[in-house]
Each structure stands twice: as structure tokens, then as C-alpha cells.
Amino acid sequence: MPVYPPFDLRVEYLKEPQLIEIPRPRFFWKLKSDIRSDQQTAYQIIVASERAFCEQEVGDYWDSGKVSSQETTHIPYGGEEFLSCQNYFWRVRWWNTSGQVSPYSDIAVFGTGFMGSSKFRANWITMADPETYAGPVTVLLGQNEPPDVQCLGIYLRKEFKSRGRVTRAMIYISGLGHYRLYLNGQRIGDRALDPGWSDYNKVALYSAYEVTDLIREQNAVGVVLGNGRHLQKYGYGQPRLLFRMEIYYEKGGLDIITSDESWRVSGGPVRENGIYYGENYDARLEQPGWAEPGFDDSGWKKAVAVSGPQPAAQNIPPIRITERLKPVSIRSADGGRYVFDFGRNISGWARLKVSGPAGSQVQLRYGELVQPDGRLNQATCDRARATDIYILKGEGQEIYEPNFTYHGFRYVELEGFPGRPDGETLEACFIHSDVGRCGRFESSSELLNRIHDCCLTSFRSNLMSIPTDCPQRDERQGWLGDVLATAEAASCNFDLAAFYTHFLNLIRQAQKEDGSLPDFVPPYNPAVYPADPAWGSAYISLCWHLFRFYGDRDILRKHFQSLKNYIEFLKQKATGNLQLTLGKYGDWCQPGSLVPKKTPLELVATWFYYHDVRIFAEICRLVGRKEESKEYAELAEKIKTAFNRAFLEENQYKALRQGPVDRFPDQTANLLPLLLDLVPEDRTEEVLKSLLDALTIRHDYHLDTGVIGTRFLFEVLNKFGLQDVALKIVLQDSYPGWGYMVKEGATSLWERWEKLTGQGMNSHNHAMFGSVDAWFYRGLAGLEPLEPGWRVFQVKPYPGLDEIRCSLVTVQGEIMLSWKKTAAEFSLSLAVPVGARARLTFPPLWPSCAIRESGTLFWEKGNFVAEDPGLGITLAELDHRPVFWVESGSYEFLMEKA
Ligand code: BGC
């Protein structure tokens, strides 16, 4: 049998990253084998400075030699010190269980940024006295933010000559708020809204582009800058550029071009521009050839050097257009307006195709909704202007896409269009951080599939270099409660390891000296300190998630001290081991209200205190800090006692009562303690009964939970084997629930359980209630990691539907699982990645059954009857239940009623 070479090579979770800046980056690969139970027994990695060396299987930087190991993830580099700004080439091979070695993998490349003490040397530059406009006044936590002065688009250019044949040319660039880069008239790369957002008092992210093939004898670089979030009101000031280009010649030597005062600057066609504002573009102001050599820039001004933040390598997948949508309908309204419906509520912008006389002004207004009469309803955009304006230059067909904004929209109202628009006039461009897809889920329930689609659309719309709350109104911030709610569900569908690793760095940067964290990151407004404990918990929860889901132990060590500082902050804020002062949002957005009317803020805040301390005690243990582990475990016990003393009343946990007749148990208040075994053992049954009463009798199988309760409800129902209740809740199509949203025409998830169409807090594209999607994988399909990184995982289907097909690419490899149920048969296909094993529990469908794998009988009348050890299946439990260990390989199971 062939031994296949490793594939899907990654460095620090990324495919061929260009800006590795750590001395010992970690390597990952995946394996494929036709042999059941196969495993890696050894590997060999080579890293070379030239592709040719790698081709000849020579690792001049590192040859690991044959290393006995089963690990295929997080393997730290162990070779020579890397140089700055270079490419390195690597490949890997493996030995299988029978000792055969594979061919080497294909060659993968990665680049380095500025290593060790070397620095990104260049000056931040900008335009002196650019034209400005008054940005919109936004509102945060009920308060007007300061008014803002923003700049019109700033254009910068620089010419240079090259000296002979170029072997490699690289550009390193950061432009704040965002930039667009051109070389010799050509736009470079397809990144949108680059670089990603950060706190510019701390760092500015930068990106790298290889431009070797574009260098000529005479060259010109052009850069356009927009405001993004580099705003005066956040304390930053006007846009600025940091640029460095390295050109290596065949005959040896190197030229370096950096941003400095020799650059020329000017205004241009990009006028007012802002994330919330939209963009005004006057094509009559275009200066043809401005980014090409030989352009007459005598009318341009000299750039000025300014101060700016530390650059830091950006190691996340870029934001770019990932999908283009055609309109599903165009409706004409009065006043020469047309409303385009793109069928789905997404994040991005519309691309305009137009021809007409110079000076015609075309306006695009974006919105999530329309009025009953078909006119655009922009109310949910709140204070975001969400409008793009294009002024024609009048030279035949013109195509326009904005550069420095994005919108949350399903509808676009077009006004001032010369002539009659058609299906080609506008195209919706879906933009977001282009993280790869890693999971697929489909079931026999059409409603469930549509809920799943809504979840996916809202996850995508809210990956904008940071996880945001919504894409349409004047917020779009990295609210921590929202990422806490969705991280697991989003990770079942998208490859978020690098994205969250990066976001954790931003969270750490946002931590204050007293250990406190903000409610959103980057903390663009100081009013968000200190965080509600439910929001602040995102820090430790995301670290823990990276450990469990991706098997990343290093993340625990890396953030250890900052996590400890946060826990200590909480401890210092506690009163008698309770969190009575930090809660602000709690179980935010319960049915009928923003601020929870039913669940006490103190209960949720104290629960998160316990949650975080408990996880921290576990982290201490994992990183070998035994004493601290004991200390925090003891603290957790104290919190538990205080929690029950303060909130446990007879058979249920405390709720805020609406009036004297309201004695019903609260769902969230009861489910949270049940999840973490906070309930005293002898009371568990009663509390669970109270919760079930609340779910099934009082609310007729509807939830009554907000962001936090909803996030954990399904875990609790899973824990107590109540999948039937969970499924009934999910499949409701009456208020409140996901089915209700779908029935009311949602194509993405709402912020509120209510259908609200006026102004206020009622976005129609909020990811947070997408937490339920994790239950589709975990509860219905039955997939769950039993060991960090899916090395060992559970397969425990809940056959409440007829059929499910799903797959999940984990760091260990791809798990494929589908099952189908009929009256007398349950068939299940399962693929377990090389090196992993699954604990498969067949559902108790019939009192007696027979189970075959590809025709081979191995279970009959409650007994394991397999004879062939090569089958890859062994019995996992001895109590006559069909629970098995399944080793790597592909399996076709058939369970039949006996
Ligand atoms: C956001 C939420 C966020 C919340 C804090 C809202 O304005 O949209 O998703 O978590 O504020 O309570």
C-alpha cells in the first residue's frame, strides 16, 4: 500500500504565512492512509533557505532527523536562527505503524518579518493640513461620543529606479486607518480594509506583498489612505503611512525604499470616507497615471514625517471579497429611486457599473430592511450614514467599489442613476476576514438547515479582522460577550485558530495595569472599562477554547500571567466572594428586553467569576503551577458556597420577579449552576426540574434566555441527556426562537428575539445567538473532543432527525460523519483521521440490535462478536451497551433492529 505524503502544511496555523516574527514557529501537517488504525510513529522536517535545497531534500536551516513522535501539530522549529524578511521552504515526511516512510510532502514556503532586534525602519508620513469633514456623532452606552474630524482621502506617491535584474522585491506596509497600495499603476493584492484594527496607542499591524515580477527600470509606488478607525475622537489623529520596500538584485546588493519626506502627497477622488459614514468618490478628480512613473506631481505637496505606533506583523487571513451576489429583484420607487434586493443580509458593499455624463451623482444607500411599501428602511443602521456616492467622470463605462468603508445590508437604494438600471448595474460584494471553511452540516430538517445558514452568514459578516457584534450600525466593535457566545460554534464552521490567537493578543494589549479588561477590544472608548465579568470572561474562555479545540497548550503559558492578573482583579472586586458591582449586561437580550428583566446581574457575574477561577485553577495545573492550582481551586469552592448562599432558594435559583404572582423559575439562573455542578448534589434534581418546568411548561418549549443563557442552555441539555427538549426548542417556529426569525424572513441572525424594524438596538445581523450552531455538531451529530485538539473524540449521535451529514476539519485531520435513520435501520459513515480515535456510542433505538461494519458483524444481542483485530473497532464499555473505540480509517456501519 502506498504511504501518502503529508498535506495541508501550516506554520502557526496559517497556510504559507509571510510574516513569521517568532523564533520558534510551530509546524502542522495532516496525514492520509488507507490502513485502518494507522498512526504516525516518526516524522522528519526539513527547512531550507532555497527552494532548490528543499527539492534536493536538504534542510540547510533545519533537518529534524527522524523524530519518534505521534504529534502532527504544534511542532516547534528547532533549527538555525531565521534572518529577517526572508523566505524559507519546508517539507515533511512520516513513518507509519508498519515502519514505512512516506515521500516528502510538497514544498511549503513561509516568510519572516523583522526578527530579533531588527526593526521595521521607516518614518510614518502623512499630508500636512489635509482637507477635513465632520464625521458622524456616534453613541456608546447611551452617551454621545465626541464629535470627530475626519480627513478626505490622502494620496501619496514615490518614484524610484531599479539597478538590474531583480531576484526578489518585497513591500512591507501599514497605512492607518486603511490603505490601498499601487505599484506601476497596478493595484497590489486584494486585501480590503487592511490592516486589521488595533489600538494604535499600542501597535499598528503591517502586511507584506511580494512584487518581484512588477519591478521595471522606472517605478512608482502609490498609496491611498482612508480614516478607518484611526480617528481623532479615539485619540489617534489623521491617517498616516509606514512603508518599506526591499529589492534584491541578481548581481548582489539590495535597495531599500522607505516612507520619508521625499514622498509627494495630494488629495484625490476619494473624498469623505468612514466605516460608518460610507464613501464619496468624485471620479472627475482622478489623476490618470498618478501611481505610474513619469507622472507630473509638481502640483503635489511634500509629505511630512509624523510619529506613529510600533508596527507588528499581521498574522491573520486578510479581509477580502469572498462572494458576489446578483440582485434577486429591483423595484423602482418614486423620485427615480430603485431598491435592489440581494436576497441575503451580508457585510460589504455594492459594485456599481454606470455610464453617463460627467458630474452625474449616483447615490447608494444601504439597509437591512425595506418598508412595507418597498422603500429602503435604514433605521437599524442607527447613526451610521451607510451611503456611498459616486460622481461620474463621463468616459464610457465606469466601475466603482468603495475603498474605505463597509456596510451591513441586504438592500441598496440607487438614486441619480443615469438611465434605467438592470441586473448588471449593482453586484453585492460580501467581505470579511477570509478564514477558511472547516465544517459542513446538513440535516433532513429544512428549517434547521436554514437556521444553520443564518448562523453562517452572521458569523462571516462579523469577522472583520476582529470578531465584531454587527456590521450595519455605528458599533461594529469587538464586544467580548459576543465572541464568548460564538467562539465554539464559529470554530465548528470556520478555521479560526490564527484569528483567535491574534485577537487574544489584542485582548492582552487592552488589559490595564490593575488587571481589568474592557467590554470591547480594541478599547476605542475608555468607558468600556472594567468589563462585565460575562464579557471579560472571553479572555480566559478563548484561551481555554484554543487549548481544547485546537490542542494549543502554548497559549496557556503565553497568557498565564495576564490571565492571573485578570483573576486577581476579579478577586479584588469581590464582596464576600460574590461579584456585586461589575455586572452591566448579564444575560443581555432576553426575550422582550435588552437589559435582563429576569436574571439578576449579580448571579451571572458571580457565576462567571466561579467559571473563570475554576478554569484558571485547571490552567495552573496544566502549566505545572501546583500551588497556585490548589489556591484557586480553593477559591472556587468559596465562591461556590457564597453563590449558593446568595442565590439558591429552595428548589430554584433566584430570579427578579415581575410582580407578586410571578413565581416561575428563571431559565438562565437555573441552567448556569447546573452546567458547572454548582448545585449541591442533593438539590440537583429539584433544580433541574425547575429548569425543565420553565422550559417545557411555562414557556411551552421556548427559551427565555439572552446571550449568556442561550450559549449554555444547549450544553446543559446535552449534559443531562435532554436532546429531545433541545431539538424541540430549536425547531419552534413561534416566538421566541430561531425558527421564528426564519419564518419572518431572516437570512442572518437578529440581535433581538423580537422582530424590530425601527431605530435602536435591533441589528438584523448579530452573531451572538449563533451559539446554537455548536449544538448541531455537538448534540445532533454528536461530535465532541474528549482530548484537546480532537486526538480523541466522541461520536454520540442523537437520532431526533432522519438524517445528518457533517464534516469537520480539525487540526488532527478531517472527521466525516453522516447518519441516517429508518424504522428498522440506523446507518452511519464515519472517517476518523490518522492518529485519532473515536469513542462511538450507538443510539439506544431498539432493545436488541445487530451492528455490521462494511458487512462484517461485530455486535449482536448485547455482545461484541468481532473476530478480526484489523477491523479497528474494540469494545469501550463492558455493560452490554454498544459503545466502541474506533481507530483511524473510514467505516460504514449498519445497525439493524433485531
Ligand atoms: C452590542 C452587543 C454587545 C453589547 C454589550 C451592544 O450594543 O451590539 O452585541 O455585546 O452592546 O451589552
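A: A crossing is called left-handed if the near helix is turned anticlockwise from the far one by less than a right angle, and right-handed if the turn is clockwise. In this predicted model, helix 6 passes helix 8 in a left-handed crossing. The axes of helix 6, which covers residues 538-550, and of helix 8, which covers residues 560-573, come within 10 Å of each other and cross at roughly 145 degrees. On the side of helix 6, the contact is made by Tyr539, Ile540 and Cys543, and these meet Ser562, Leu563 and Ile567 of helix 8. Sorted by class, the residues of this contact are five nonpolar and one polar, with no charged residue among them.

The residues around the ligand include Trp535, Asp482, Tyr585, Trp588 and His766, together with Asp469 and Glu475. In the side chain of aspartate 469, an N or O atom is 2.6 Å from an oxygen atom of the ligand, while for glutamate 475 a polar side-chain atom lies 2.4 Å from a ligand oxygen. The side chain of tryptophan 535 also has an N or O atom at 3.0 Å from an oxygen atom of the ligand.

Six strands in the order 17-16-19-14-22-25 make up an open sheet with antiparallel pairing. Strand 17 (186-187) and strand 25 (301-302) stand at its edges with a single partner strand each, so one side of each is left without a neighbour in the sheet. Strand 17 pairs with strand 16 (residues 178-183) in the antiparallel sense over two bridges, and tyrosine 182 has arginine 187 of strand 17 as its bridge partner.

Another open sheet, also with antiparallel pairing, is formed by three strands in the order 1-2-6. Its edge strands, strand 1 (7-11) and strand 6 (75-76), each pair on one side only. Strand 2 (residues 26-30) runs antiparallel to strand 6 and is joined to it by two bridges, with proline 76 of strand 6 as the bridge partner of arginine 26.

A hairpin remains to be described: strand 23 and strand 24 form it with three residues between them. Strand 23 (residues 270-274) and strand 24 (residues 278-282) run antiparallel and are joined by three bridges, and asparagine 273 stands opposite glutamate 279 of strand 24.

Notes: Residues numbered from 1 in each chain as written. Predicted model: local features only at pLDDT ≥ 70, side-chain atom pairs only at ≥ 80, totals over all residues. Heavy atoms only, no water. Axes fitted to C-alpha atoms, helices over the stretch in contact; angles between N-to-C directions. Helix = DSSP H or I, 4+ residues; strand = E, 2+ residues; numbered from the N terminus. Contact = heavy atoms within 4.5 Å. Nonpolar A, V, L, I, M, F, W, Y, C, P; charged D, E, K, R; others polar. Pairing = 2+ DSSP bridges. Near = heavy atom within 4 Å. Polar contact = N/O pair within 3.5 Å; in protein donor to acceptor, adjacent residues only side chain to side chain.
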